[in-house]
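Subject: Structure for your review

Dear colleague,

Please find below the structure that I am handing over to you. My notes on what was found in it follow directly after.

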Amino acid sequence: MWNFLTSGSGFVWTSLQDFAQSTGLAALGSAMGWGSIVMIGVAFLLLYLAIKHKFEPLLLLTIAFGMLLTNLPDANLYHTELFEGGHVHWDIFVANAGLLDYLYLGVKLGIYPCLIFVGVGAMTDFGPLIANPKSFLLGAAAQIGIFVTFLGAYALGFTPAQAGSIGIIGGADGPTAIYLTSMLSPELLGPIAVAAYSYMALVPVIQPPIMRALTTKKERAIRMRTLRPVSKVERILFPIVITVIIALLLPDATPLVGSLMLGNLMKECGVVDRLSKTVQNEMMNIVVIFLGLTVGATATAETFLNFRTLGILVLGVVAFGLGTASGVLLAKLMNLFSKEENKINPLIGSAGVSAVPMAARVSQIEGQKENPSNFLLMHAMGPNVAGVVGSAVAAGILLSFLG
């Protein structure tokens, strides 16, 4: 009997030890566990910013929770080795994949960003851009920050593909940044996504000092002429024509631009209201959840906790600042060749970054500080939506050269 009790107690003790070693708490005590603890802390910080301060909460909350899930030890939801080298290793995928591995395929294959662009297109009014085609130039100028930062990142030792992914942060377009990074340098997806959405949320903080520094009080008070009405035929033809032109000139930009214009055509044609509402609401919401979770899952300790991530954050805000400044400066340049009644308020140039409609609202707020009767919102929406197209085109250019 004694032997039975002792052997039984030994079995129970061994089982308890095995159970204790199999828990995530034991893994936290290892050398790798400290990295996980730090990343869990970062996830908590991002959750706080998303919930308390509403920093791009629709995506930052899901990104933060994905980051939390992937850094919980032994949860086995995401495995970096399945996507090592920028490729999906199908030979070992089914045997080892967790839930987030399957969902991440939508990012890796470029599906989620394009679906989001369909929804964005259905919510976008290109009327101000059609009414004032000069806005295209302001939207294009704001993309200069992307290419200048690309050169800067490359000079600092990043590979050309990584430099391109860092530069695209300057477009202030989260889905475009995710799309390009997943194609060129997926190992940087976590830091770049966090940087892109953080800076989009900080548009009202980052842009105004740059706008005020580059303009005079008189320029900020400029009142612009009322935009002409845009016909329904123009609104319907615009997405079709833009899709054809971009596809012929830059095929690599077609997935994003084509998706954007498809959503806009659904909105403007007036015959598929049910589809338009679906892509704006149900589809958009579902894809945002999947995209956020899986992008957050890539932010593991190995990829996030290094000096390279700090460099990405610094270069990202530089890209964003340069894009803002470029739009303002081009508007000032255009005024040198414009008649007095056709002058452009340079503040709307800052809206060329594609943070829609936040950047346009910042232009409106800054303009009204100098002239309370000045209404720049609709004028700023022209370069703002042009920036959406511009960032997608910039991504296509980088992909064609670096992909």
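Helices (H or I, at least four residues) and strands (E, at least two) are DSSP runs, numbered from the N terminus. The model is a predicted one, in which local features need pLDDT of at least 70 and side-chain atom pairs count only at pLDDT 80 or more, while totals for chains, interfaces and linings use all residues. Residues are numbered from 1 along each chain as its sequence is written, and side-chain values use heavy atoms, with hydrogens and water left out.

**Backbone features in the loops**

Glu56 is found in the loop between helix 3 and helix 4. Although Glu56 is not a glycine, its phi is positive, at about 40°. Glu56 is partly exposed, its relative accessible area being 22%; here buried means under 20% relative accessible area, exposed over 50%, and partly exposed in between (1.4 Å probe, protein chains only).

The loop between helix 4 and helix 5 (90–96) holds Asn76. Asn76 also is a residue other than glycine with a positive phi, near 55°. A further point concerns the peptide bond from Val356 to Pro357, which is cis, with omega near -10°. Pro357 lies in the loop between helix 21 and helix 22. For context, most residues other than glycine have a negative phi, and most peptide bonds are trans.

**Helix 4 and helix 19**

Helix 4 (residues 57–71) and helix 19 (residues 282–297) have axes that come within 6 Å and cross at roughly 45°. Helix 4 is therefore oblique to helix 19. Axes are lines fitted to C-alpha atoms, for helices over the stretch in contact, and angles run from 0 to 180 degrees between N-to-C directions. Angles under 35 degrees count as roughly parallel, over 145 as roughly antiparallel, 65 to 115 as roughly perpendicular and the rest as oblique.

The crossing of these two helices, helix 4 and helix 19, is right-handed. A crossing is right-handed if the near helix is turned clockwise from the far one by less than a right angle, and left-handed if anticlockwise. From helix 4 the contact (heavy atoms within 4.5 Å) takes in Leu58, Leu59, Thr62, Ile63, Phe65, Gly66, Met67, Leu69 and Thr70. From helix 19 the residues are Val288, Ile289, Leu291, Gly292, Leu293, Val295, Gly296 and Ala297. In this contact of helix 4 with helix 19, 12 residues are nonpolar, five are polar and none is charged. Ala, Val, Leu, Ile, Met, Phe, Trp, Tyr, Cys and Pro count as nonpolar, Asp, Glu, Lys and Arg as charged, and the others, Gly among them, as polar.

Helix 4 has 15 residues and reaches 21 Å from its first C-alpha to its last, close to the 21 Å expected at 1.5 Å a residue. The expected span is 1.5 Å times one less than the number of residues. For helix 19, with 16 residues, the span should be 22 Å, and its end C-alpha atoms are 23 Å apart, which agrees.

The buried residues of helix 4 include Leu59, Thr62, Ile63, Gly66, Met67 and Thr70. Among the buried residues of helix 19 are Val288, Leu291, Gly292, Leu293, Val295, Gly296 and Ala297. The buried residues of helix 19 pack against helix 4, helix 6 (99–108), helix 7 (111–122), helix 12 (174–184), helix 13 (189–201) and helix 18 (273–280).

**Helix 14 and helix 22**

Helix 14 (residues 203–214) and helix 22 (residues 358–370) pack with their axes 10 Å apart, at an angle of about 45°. Helix 14 is thus oblique to helix 22, and the crossing of helix 14 and helix 22 is right-handed. Val203, Pro204, Gln207, Pro208, Met211 and Arg212 of helix 14 meet Met358, Ala359, Val362, Ser363, Glu366 and Lys369 of helix 22. The residues of this contact of helix 14 with helix 22 divide into seven nonpolar, two polar and three charged.

Lys369, in helix 22, counts as exposed at 54% relative accessibility.

Leu47 is placed in helix 3 (residues 31–52) and is buried, with a relative accessible area of 15%. Leaving aside neighbours within four places in sequence, Leu47 is in contact with Leu61, Ala64 and Phe65. Thr309, in helix 21 (residues 307–335), counts as buried at 4% relative accessibility.

With kind regards
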